[in-house]
Structures are given as C-alpha cells and as structure tokens.
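This briefing covers helix packing, aromatic pairs and nonpolar cores. Please view the sequence and the structure together before reading on.

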Amino acid sequence: MVTALLTFVLYTGASALVHWYLWRRLIHDTSLGARTARHGARVLAVLAVLPPLAMATTRDLPQHIGRWIAWPGYVWLALMMYVTITLLLAEPLRLLAARGGKPRRASGVARAEALPQKVSAGVTESGRRTPQRDMPGDEGERLAEGRAPSDGPARPTRRVVLARATAIAAGAAAASLVGHGMRTALGPPRLAHVRVPLARLGRQADGFRIAVVSDIHLGPILGERHTERIVEIVNRAAPDAVAIVGDLVDGGVDHLGRAAAPLRHLTSRYGSYFVTGNHEYKSGAEPWLEEIGDLGIRVLRNERLELPAFDLAGVNDVTGGDHGDGPDYEAALSDRDPGRAVVLLAHQPVMVHEATRRGVDLQLSGHTHGGQLAPLGLLASLQQPAIAGLHEIDGTQLYVSRGTGFWGPPVRVGAPPDITVVELRSRNR
C-alpha cells in the first residue's frame, strides 16, 4: 500500500508538469476565451490524475475493477504522449511567430478612453443600466468588469493562429497514431520465423524449432482470451519446444490465475519452459512460479537441462537480485560439455554481456516490446544492446522478441506484437 502511494505521488508530480505544458499550449496560447479556458483547465486537471492512478493501483485490483481505471488512464497516457511530442516539435515555429503577431485593431484601453464615463461603467446615456447578464460571451464579461465594449471580434494574431493550428494538428496526429496503435496492440500477434546457425549444434538438433513467447502481460486489460489466442498460434506452429521468456503477468495469482490457465494447453515435443521477467517480481514471483509449474511449464531458475544435441539453460531476471533471487550464471552454465551448443533463456537483452563471457551460443530474450511506442525505442536502446530481432554480440547470437502484449497503454506504434519460431541450424550439416 505504501509503495502504491509513493508511486502515485511520483507519477502525479511528473504528470502535473506535462499537463501544465499542455494547458499552456492548448488553452492559454490559443486564446479561446475565459470560460473555455476555465473548463479546459478543469478537464486537464482530471486527466492528469488518470495515468498515475492506473499505474499505481491496477496491479493490486481484480481485473473487473482495474479495467475501469486502466482503460481511460492508459489510453489518455498514449494520447498525452503523442500530443506533447507534436507540440514540442512545433516549438521552433512558435518561437519564430512570437517575434510578430501584433494585434490588428486598436487597443481596448484607447477605445475606452474615447467613450463617455457612464458607458465605460456599464450605464447608458439615459441612465439605464445595460443588461450585462443577458449579453453573451466575452462581451458581457467586458461590461460587467467596467471595460469598454469591443467593436466586434478581434482578428487573431499570427501567433494565436499558429497556436490553434498546432493544437489541432497535435490532436489529430495523436488520435490517428493511438487509434492505429490500439488496433495493432489488441490484434493477434504475427507469427515470425528466423533461422539461426550455430557452430556447435549437433546434427541431431538441426532444424529444432523453439517458439519464443515473451511479455504476455496479463493484467487489467489483457486476460484469458489473450492467453487462449497465444496458445492457438503456438500450437498451430507445432514447435519442438516453447520458451516463455518472462513478464507473463502484471498482478497477483489470486486476480490473474484464471487468465493464465490456458497455458496448460501448450503442446510441443519437448515441453514448455519459463524464466522470470522483472514484472514477476512486482507481482509476487514465488506464488506465480508455483502456479506456472502447476500448468505443466518447467521453470528454469538458474539451471540447465539437456535436449537432443544441445543444452537449454535459463537464468532469473536481473531485478530478482533485489528480492534475493537474481541470476546465477555459474549455476546455470558451469560444468557442461564445452562441445555442445547452449541456448540461454534470459528476459533482458542486456544479460547477453554475461552470456558472451560464458560462451553461450544463442540467447533468447524479450523485455523491450520492440520499443512499443515509437520513438521510445530510442530510450530503450540506451539500456539494451538490441530491442528487436536477431543480432550478434561478441560471438553470441541474440534474438529479441517484440512480445505478445503491452505494458501500460494498449497501444503499439512501430512495434507489432509477435511470436517467433526460432529454427536452430547446424553449421556442420
């Protein structure tokens, strides 16, 4: 509860800064009138709370409750992000426009001085008070405050015109990207195929096919139907083995156990295997590992087993170190036959640096979602050696799946979900 509260406070502070910027650009700079500004500020104040509330609370709530917070909170988070990015890209134009854009009518002060005192006070020459309450919009407000009536609507300055055009463009761009991204994220993962030649792979394992599934992220939005769809796709591919490389859930077993249950129907010749991701440690790793084992999936906790003509190993995620359950490469990879190829399951691509030091032939990872929301992949690439696809790092092959689910917004832009069948090929065949 304390962690959720601190998370909410931290996220709310960051959200407040972003929404203040949105208020400046979408409401203040567009000069739409005092009433519109007040209403807009209230709406933005409410929206600023939704993403932090979703991030801080939905993990601990039942699905049927959490989805009512997650949907508006996370969808607005994606819209907010793309509106903000578009506005930031337009900042140079705004700065250029700030040099010009003088008003195209006489100032209200000059006109007020030219009017009789009684009129500027809101009283006619005959002594009757003007019906200020009945006058619409800003005109009534001007007279109520003792200001002079305008000579008609002001022609907006170049700066205001640019601000309004930018606001419209930002909203349209964000809505288009998020709409397309939601269709992509909520649609079926594509089935990809990749061949990986390994020098030490025995001929007996030539053509061995591993279905790589990562980042399922069962939670307030993705549930049992999502898992069923993944199982259907994997079983149709008829792999020799299934590797689930972490981040299965965003919530506890008591809330999401039913959503994960269809995994018991995964079928393959040599079984299904699982290693922890960082989100398992946020969701209660021990209960989940027990539950996953009950589903007939073997959990590789810093251990290795022998498959035909190669070894399959798995290590815990690096965040497990904060819970006394970190990766132990020595336990997983020592005392093995150096003539056999080894395939390592490790949630985060960055773990490949340790794998290369221990002679791993191929590492299968996830974690990055392929960036999920472009251009956030640029930030992920600062932490990880690769965010999607097949790469070679110091002699070790690394394959990174984009994952089947999503974290936070139900949106994927530039990073479609996938399940990959990795086919091992022997260079000695």
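Are Phe208 and Phe310 buried or exposed? Both Phe208 and Phe310 are buried, where buried means under 20% relative accessible area, exposed over 50% and partly exposed in between (1.4 Å probe, protein chains only). This is a predicted model, in which local features need pLDDT of at least 70, side-chain atom pairs count only at pLDDT 80 or more, and totals for chains, interfaces and linings use all residues. Residues are numbered from 1 along each chain as its sequence is written, and side-chain values use heavy atoms, with hydrogens and water left out.

**Aromatic pairs**

- Three aromatic pairs are found in a search of the whole structure; rings of Phe, Tyr and Trp (its six-membered ring) pair if their centres lie within 6.5 Å, and planes under 30 degrees apart count as stacked, over 60 as edge-to-face and the rest as tilted.
- The pair of Phe208 and Phe310 is edge-to-face, because the ring centres are 5.1 Å apart and the planes stand at 75 degrees.
- Phe208 lies in the loop between β1 (190-198) and β2 (209-213) and Phe310 in strand β7 (residues 310-314), so the pair ties together parts 102 residues apart in sequence; helices (H or I, at least four residues) and strands (E, at least two) are DSSP runs, numbered from the N terminus.
- One aromatic cluster is formed by Phe208, Tyr270 and Phe310.

**Nonpolar cores**

- The largest nonpolar core has 27 residues, of which Phe310, Leu312, Val343, Leu345, Leu364, Val422 and Leu424 touch the most other members; a nonpolar core is a set of buried Ala, Val, Leu, Ile, Met, Phe, Trp, Tyr and Cys residues joined through side-chain atoms within 4.5 Å.
- At least two residues of this core come from each of β1, β2, β3 (241-244), β6 (303-307), β7, β8 (341-345), β9 (362-365) and β12 (418-426).
- A second, separate core of 26 residues includes Val83, Leu87, Val178 and Phe406.

**Helix packing**

- The axes of helix α2 (residues 34-57) and helix α3 (residues 63-89) come within 8 Å and cross at roughly 115 degrees; axes are lines fitted to C-alpha atoms, for helices over the stretch in contact, and angles run from 0 to 180 degrees between N-to-C directions.
- Residues making the contact (heavy atoms within 4.5 Å) include Leu44, Leu47 and Pro51 of α2 and Ile69, Tyr74 and Trp76 of α3.

**Helix α1**

- His28 lies in helix α1 (residues 2-28) and, at 38% relative accessibility, counts as partly exposed.
- His28 and Ala41 are 13 residues apart in sequence and 9.4 Å apart in space, C-alpha to C-alpha.
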